[in-house]
Amino acid sequence: MNKKQRQCAEREVERQANQLALNASLLLAAEAGDTNSLAKILNAGADVNTSDELPPEWTALHWASWSGHADMVLGLLWSDASPLVTDSNGRTPLHLASWRGQTRAAEKLLAAGARTDTEDTTGLTPLSYAVSCKHLNVANILVEAELPPAEEHERKRTSLHRATAAGMPKAVS
């Protein structure tokens, strides 16, 4: 390798290291809800749809949804983060918001086109998560979003059946 090729390779390694650092900063800012840093990190070149390298491979939108940072969710969506992205378990950011009872985050995701009928690798939908964790507010907004019935699961019961069985009549009315 001659001197010019070596310099070119070194610049590429440095560029890749900078990209990894920016992407890691974005993921950390999303988890922390640091909306003040969002534009700076994205303007510096972070990939809004980057994910963790280790399973479950969450994106910034997954982290913000899990953590309930609705303003960060909105900022990421405005920056072209995909509300349809799935992690290595097939979960979308809406699955995570539903699991944690993050009503405002779920509302932002739904408004941006998140699908309520997406199943994870175990066949569960966002409503399944909301119902099993007894998050009535999230279950209600999912139902109000004209949720199509979930596929039947191992017990041949839909998510709406589970909502009724869990004593959540508002989720099915």
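The crossing of α5 and α6 is left-handed, a term used where the near helix is turned anticlockwise from the far one by less than a right angle, with right-handed used where the turn is clockwise. This is a predicted model, in which local features need pLDDT of at least 70 and side-chain atom pairs count only at pLDDT 80 or more, whereas totals for chains, interfaces and linings use all residues. Residues are numbered from 1 along each chain as its sequence is written, and side-chain values use heavy atoms, with hydrogens and water left out. The protein has 9 helices and 0 strands, where helices (H or I, at least four residues) and strands (E, at least two) are DSSP runs numbered from the N terminus.

**Packing of α5 with α6**

- Helix α5 (residues 93-100) and helix α6 (residues 103-111) have axes that come within 9 Å and cross at roughly 155°; axes are lines fitted to C-alpha atoms, for helices over the stretch in contact, and angles run from 0 to 180 degrees between N-to-C directions.
- The helices α5 and α6 are therefore roughly antiparallel to each other, given that angles under 35 degrees count as roughly parallel, over 145 as roughly antiparallel, 65 to 115 as roughly perpendicular and the rest as oblique.
- On the α5 side Pro93, Leu94 and Ala97 meet Ala105, Ala106, Leu109 and Leu110 of α6, contact meaning heavy atoms within 4.5 Å.
- By class, this contact of α5 with α6 has 7 nonpolar, no polar and no charged residues, where Ala, Val, Leu, Ile, Met, Phe, Trp, Tyr, Cys and Pro count as nonpolar, Asp, Glu, Lys and Arg as charged, and the others, Gly among them, as polar.

**Packing of α4 with α6**

- The axes of α4 and α6 lie 8 Å apart and the two helices pack at an angle of about 15°, so α4 and α6 are roughly parallel to each other.
- The crossing of α4 and α6 is right-handed.
- The contact is made by Ala70, Asp71, Val73, Leu74 and Leu77 of α4 together with Arg104, Ala105, Lys108 and Leu109 of α6.
- By class, the contact of α4 with α6 has 6 nonpolar, no polar and 3 charged residues.

- The buried residues of α5 are Pro93, Leu94, His95, Leu96, Ala97 and Ser98, and what covers them includes α3, α6, α7 and α8.
- After α5 comes Gly101, whose phi is positive, near 75°.

**Core and burial**

- The largest nonpolar core has 34 residues, of which Leu26, Leu76 and Leu109 touch the most other members; a nonpolar core is a set of buried Ala, Val, Leu, Ile, Met, Phe, Trp, Tyr and Cys residues joined through side-chain atoms within 4.5 Å.
- At least two residues of this core come from each of α1 (3-32), α2 (35-43), α3 (60-67), α4 (70-78), α5, α6, α7 (126-132) and α8 (136-144).
- Not counting residues up to four places away in sequence, Leu109 touches Leu61, Ser65, Val73, Leu77, Pro83, Pro93, Leu94, Ala97 and Ala114.
- Ser65 has its place in helix α3 and is buried, with a relative accessible area of 0%.
- With residues up to four places away in sequence again not counted, Ser65 touches Val73, Pro93, Ala97, Gln102, Ala105 and Leu109.
- Of the 173 residues of the protein, 40% count as buried.
- Among contacts between residues at least 6 apart in sequence, 65% join residues at least 24 apart.

**Backbone features in the loops**

- Most residues other than glycine have a negative phi, and most peptide bonds are trans.
- Pro55 and Pro56 are joined by a cis peptide bond with omega of about 15°, and Pro56 lies in the loop between α2 and α3.
- Glu57, in the loop between α2 and α3, is a residue other than glycine with a positive phi, near 60°, and at 32% relative accessibility Glu57 counts as partly exposed.
- Asp80, in the loop between α4 and α5, has a positive phi of about 75° although it is not a glycine, and at 61% relative accessibility Asp80 counts as exposed.

Definitions and conventions:
Buried means under 20% relative accessible area, exposed over 50%, partly exposed in between (1.4 Å probe, protein chains only).
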